[in-house]
Each structure stands twice: as C-alpha cells, then as structure tokens.
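Subject: Two-chain model for your review

Dear colleague,

Please find the structure below, followed by an account of what was found in it. I would be grateful if you would read the two together.

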Amino acid sequence: MTRQVAREPASQVAAEPLLQLTDVVKHFPLRSSGLLAGKREYLRAVDGVSLEVRRGETLGLVGETGCGKSTLARCITRLYELTSGTVSFGNADISRLSARRLRPYRRKLQMVFQDPYGSLNPRRRVGSIIADPFAANGLAKGAERKRKVQELMELVGLNPEHYNRFPAEFSGGQRQRIGLARALALRPEVVVCDEPVSALDVSIQAQIINLLAELQHKLGLTYIFIAHDLSVVRHASDRIAVMYLGRIVEIADTEDLFIRPRHPYTKALLSAAPTPDPDLVNDAERIVLTGEVPSPVRPPSGCRFHPRCPRAQSRCQVEDPVLDSKNIDESDRAVACHFPLADGESMLPELKEPS
Amino acid sequence: MTLTPPATVEAAAVRVEPAAADTIEGRSPWQLAFVRLRHDRVAVGSSAVICIIVLLAVFAPVVAHLLGHGPNQQFRTTGLSAEGIPVGPGSTFLFGTDDLGRDVLVRVLYGARISLLVGVVASGLAVVLGVIIGLAAGYFSGAVDTVLSRFMDVVLSLPYLIFAIALVSLLGPSLMVSVAVIAFFSWASVGRIVRGQVLSIKEKEFVEAARSVGAGHLRIMFVDILPNVLAPTIVYATMLIPLSIVFESTLSFLGIGVLPPTATWGNMLSESIAYYRVAWWFVAFPGLALLITTMAFNLLGDCVRDAFDPRGNRLFVAVED
C-alpha cells in the first residue's frame, strides 16, 4: 500500500536523468597462474553498461549471482575505480574525480549494503556509526551531531535511546535500518541499495521495503535497487534493468517487463521465479536454460547469451547486439537481442530470419 | 549459584527502572572482556601479584631507607664473613648479601624497577611500532606491503643476540640502548599479527561503508580498522612484557645491558654464578623474582586471551556497580 503512495511523485517528475552511465567497464586483473606470464587475463565483471537513472524513480537491477550487479553498484558509488566509461551525476562526470573533489558527490550518492552484519563495525556504538558521515566530513559537532543522529534513528524507525548500543544487540532488520540511517545522514539524492533485503527474513523484508518507499516519498530519493528476488524488485521498482554477464540485456518499465518480456533471458529468468498461485503454475511456460553461465573471464563471442539461448541463430554467434529500442519499436524500453520476443510469443526457436 | 532472596531482586528492579529510560547503554566487547577477567581467579591472582611487584618496585627507596641499606652500599664488615664470603639470610640482611656485601633484598627490589621499566617501555614501543607498520602494510597492500613485510621478515630472521651484542658494542651499553634493542627485535612479530588481521578486516563491508561516506585513509585505518585488531594486539602485548623482561635480563647477564653497579636481575644472576655453591640466596632471590614476574605476566596474558575469545563462556552474570 505504501508503495502506491510513493510511486506517484516518481512518475510525475520522471524523465529528468539524474545519473547517467556511459559504457561503464570494470575489469579485475587476474593473477597469472603459470610461471610464464603470458597474456594477462581479466575478469570482465561489468563490460559496457549504459544506463540512465531518472530523478525520483526506483530503478531495479536484477540478474543471477555473479552477473556484475554489485560491481556496477560499486562503480556508481566510486568504491571501485572504473576501467573505462563515465558516470555522470547531474551534468558532472564524477568517474575520474580525485578523492577530495569527489566528496561533495559522495554526499549526494550513498549506499546501503547487503550484509547487515558485515556493514556495521562491531566495535563501535550505533550512535557513532550513524554519526560517521558527519565525522568523516567534519559536519555537525557535539550535541548537534547527537541530535541529528537521534533524528535519523527516529526517521528509520529505531528507538533513539538505543544510541549507545552495539550492532550485535540488534536484529538483522534493525541493523539494516541502522545502515539506512547512515546512508541518509548526509541527505543524499541517490541511494544505491545493494540487495538490501536479501539477508533478511521475508516478514522483515516487507518492513524494510515499505520503509524505503516511505522515505523515498518523504525525502524525494532516487533509488537504484539491486536484488535477485524478482517479486521484491517488482514490488519496489518503477523500471527494471536485467543484467547478464556484465551487460544489460533489457530495460523497461516494471509491468511491461514482467508481462511482456522481450529478451529471451528475461523471459527465462521470469519463468524461473516461483508462482504463488497454483492455478497459474500450469499455464506458464517453464523455460529451463541449459548449461552453465559462461565464465566472465572469457565471455562468448557475439551475443553473450547465445550458447544458452533457445532462439539463437548463426548471427548471434558473431554479431554483438546493442541495447536499443529500435528493434522493438517501443521508445521507453530497450533490449539487446537480434530476435526479440513479440507479445506472448513462445521461446521455441523460429526459423524465419529477418532479411 | 546461590539464589538471591526475593526482597533484593525487587529492590534492584525498582532502582533500575527510572534510570533505564535515558541511559540504555550496550556493553562493549571491552567491557565484556573486562567482566570475564574479573571473574577469572587466575587473572585476578596474577594481576594482584603484578600489582604487588609494581608497588615493591615503586617503594624500593622507602624499603632501602627503612633498612638503612642503599642498593649499592657495601657492608664489608657486617655483610661479608671473615673469609669474604657473602652472609646468608638473617635479621639484618633478610635475603642475605652478595659478593660485595650488598643487601640482596634491596637490590632485588631495585632490579624490579629496571625490569618493569624495560619490560613495559620496550613492549609499548614495540606494539606502537608494530601496529603502525602492520596497519600500513595490510591496509595499503601492493608495493608498500611488499617493502614493509620483507623488512619485517628481515628483522625476524636476524640472530637477535649476536646482533644485539654487535649493536651494543657499537653504541655502548645503557638502559636506553637495551630498550631500543628489545623494541627493535619485538615489533616485527606484532606487525605481522596486525597485518594479517588488517588484511581480513579491510575486506569487510563496513570499511566500504566508511569509504562511501567519504572517510579518508587515516580515518578508516585508525577509527574503523584499528579497534578491530586491538584485541589480539593486546593479548600479544601482555605476552610481550615477560619476553622483554627476560630479554633485558639476558642482555644484563651477558654484560651488554644495564651496567653494574646498577642492580638488575640479570646483573645479579651473572654476578652470582661464581658463588652459587656457597651462597644459594645470591642466585635464588633474583632468579625467583624473575620467575614470579614473568609467570604472573604470562598467566595474565593467557587470561586476557581467553577473555577476548568470542567463543568463551557467555556471561549471564549481572554487573554490579
């Protein structure tokens, strides 16, 4: 319900890009195994991602484990240095700024982490953890800092009197609230949520997602919401980007994506999610992908999905499809596929090759 | 465990209630460790022994004054027999005298001053140095780590006694040189421990979180990482104190530490070796002092390690006070 309230301002202010990613690449060098160091190999965690995040929206980012979602999140918040490409905030390119010049942007671009246990320093009191953004930037001293921290704790639904407790004394959901309070301390515009609920119980997940929605409404936040649980993303996002092997394969409005997936991988991913309604289970086409996810060290030629795609044709092996809206004639969505699915089309391979 | 009479329980509950409203305070891992220590008999016993030794060392001049025996004062008539043999324990000399007719008790107490001073100062220096270098090596990794780690390897692989002898012959023996030599040969093992811990801790998400809110390297190293490596460091530091005390005694014993006539346990032991057949007290008392001190510190170190062990007994005991 809270979700509905929050969605309206998002659709009103939409269209203005707040964050722009252009061809973002992050390669991790691998340690050469042999004595004779041959060509150095790289793990291509993120390999050319272009993306636009609009002010006030929630952009969901889904994909299998290891597809580069978290790496992309850390590229956006500059926890990782980009191998190439740019990240622009507003009109400023922040991808090459020095640590000092990055500071003002760090304030506007905060992150909520996946692990509610690992992301809070076990040796520090909660008050001091939430005050960290102030301390690190030399803002709000003494009593004012304490007051602000307690306001933040109240904002995320924590008891401000628990200021002097240690993280170990809180539950997973409460810890995630602490992480959220820390992220909101500097009044950011964008919050990157890296699987903020995947480590929590289902009942607590709902609480945190509703809290996120409420805060978005109250503070006018823009979210990049990473998850691998499709029902969570569907509930939380305005638009969704699907990632596969370091690339975005499809991006569309949430309902468009769920009802009419265009990319075969999106369709396979959606069909893998369990349906809560038993009457619908038999109607849905179950697509079981064969084979393993290829190694991001040596990604397949052409379309990265072609070895596992039931629709793959010879063209897919050589030509890398670009993420584009041209091949589907819908302006507000894009898909990286030579043979995108039409409405309700089955995944079975077709023989007609467009001329 | 004994049951508390109900009356006290009620009284306690009533007293706690109003205070709890604005002072909800978690117990830090330090407090927990301290509470565990306080409930450990060995820890309490060894700390008591250490306290007594410290007090005796501090008040050594008072004891000397009361007895009327200075630490370097020679009693050729009363302190030595006609044949020039040291006098055994008695009413004038409680611990007997040494080969020059000096009071062994007073000299053992004065020796404690040197031993504790060197032990604490050298270990402290070694810990500070080791923590800083270990933090830097672990945190920055790469070239910085390679250089610092290899340097630690070199220090650890030096034959320290031979090197110490060479160093002392170059600089001349003194208290300062002893402290410097001991610290120099001890910091590397602290550095290694810290570096290893830092390597694992810096991968934790809370370090990324600190970076994402704009914390600089120094802040991350000292505010976020250091508190997490302090526990093993403190455990090692408590173990390092007795090692340093023994190290100092070794140097003094070899005549390259603190020079005579200043009383140190090592000096006294080395002077006593010619007399151990005729004057057992001359070797026994400084030896015992060394043994008791190092043992007390070692036992305390063991207890500190247990107290910081997260898998140790959970404490359900209430903290009074």
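**Chain A and its domains**

In chain A, buried residues make up 43% of the 355 residues; a residue is buried if 20 or more other C-beta atoms lie within 10 Å of its own, exposed if 12 or fewer, and partly exposed in between, with C-beta atoms placed from the backbone. This is a predicted model, in which local features need pLDDT of at least 70 and side-chain atom pairs count only at pLDDT 80 or more, while totals for chains, interfaces and linings use all residues. Residues are numbered from 1 along each chain as its sequence is written, and chains are lettered from A and ligands numbered from 1 in the order in which they are written.

The secondary structure of chain A comprises 13 helices and 11 strands. Helices (H or I, at least four residues) and strands (E, at least two) are DSSP runs, numbered from the N terminus. Of the contacts in chain A between residues at least 6 apart in sequence, 66% join residues at least 24 apart; two residues are in contact if their C-beta atoms, placed from the backbone, lie within 7 Å.

Chain A is divided into domain 1 (2-30 + 42-244) and domain 2 (261-348), with bounds that come from an automatic or database domain assignment. The centres of these two domains of chain A, taken over C-alpha atoms, are separated by 29 Å. Where they meet, 11 residues of domain 1 of chain A are in contact with 13 residues of domain 2 of chain A. On the domain 1 side of chain A that touches domain 2, strand E2 (42-54), helix H9 (230-236) and strand E9 (239-244) each supply at least two residues. E2(A) gives the most to that side, with 4 residues. By class, the residues on that side divide into 6 nonpolar, 3 polar and 2 charged; Ala, Val, Leu, Ile, Met, Phe, Trp, Tyr, Cys and Pro count as nonpolar, Asp, Glu, Lys and Arg as charged, and the others, Gly among them, as polar.

**Chain B**

Chain B has 12 helices and 0 strands. Buried residues make up 39% of its 321 residues. Of the contacts in chain B with a separation of 6 or more, 72% are between residues 24 or more positions apart.

The axes of H10(B) and helix H12 (residues 280-308) of chain B come within 8 Å and cross at roughly 170°. H10(B) is therefore roughly antiparallel to H12(B), the term being used for angles over 145 degrees. Axes are lines fitted to C-alpha atoms, for helices over the stretch in contact, and angles run from 0 to 180 degrees between N-to-C directions. The contact includes B:Ala231, B:Ile234 and B:Val235 of H10(B) and B:Leu290, B:Thr293 and B:Phe297 of H12(B). The residues of this contact divide into 13 nonpolar, 6 polar and 1 charged.

Two residues of chain B may be of use as reference points. B:Ile292 lies in helix H12 of chain B and is partly exposed, with 15 other C-beta atoms within 10 Å. B:Ile292 and B:Ser46 are 246 residues apart in sequence but 9.5 Å apart in space, C-alpha to C-alpha. B:Val42, found in helix H3 (residues 41-58) of chain B, is also partly exposed, with 13 other C-beta atoms within 10 Å. Leaving aside neighbours within four places in sequence, B:Val42 is in contact with B:Leu299 and B:Cys303. B:Val42 and B:Arg76 are 34 residues apart in sequence and 43 Å apart in space, C-alpha to C-alpha.

**Between the chains**

At the interface, 27 residues of chain A are in contact with 21 residues of chain B. On the side of chain A that touches chain B, the elements giving two or more residues are helix H3 (99-108), strand E6 (109-112) and helix H5 (132-137) of chain A. H5(A) gives the largest share of that side, 4 residues. By class, that side of chain A has 7 nonpolar, 8 polar and 12 charged residues.

How values were computed
Angles under 35 degrees count as roughly parallel, over 145 as roughly antiparallel, 65 to 115 as roughly perpendicular and the rest as oblique.
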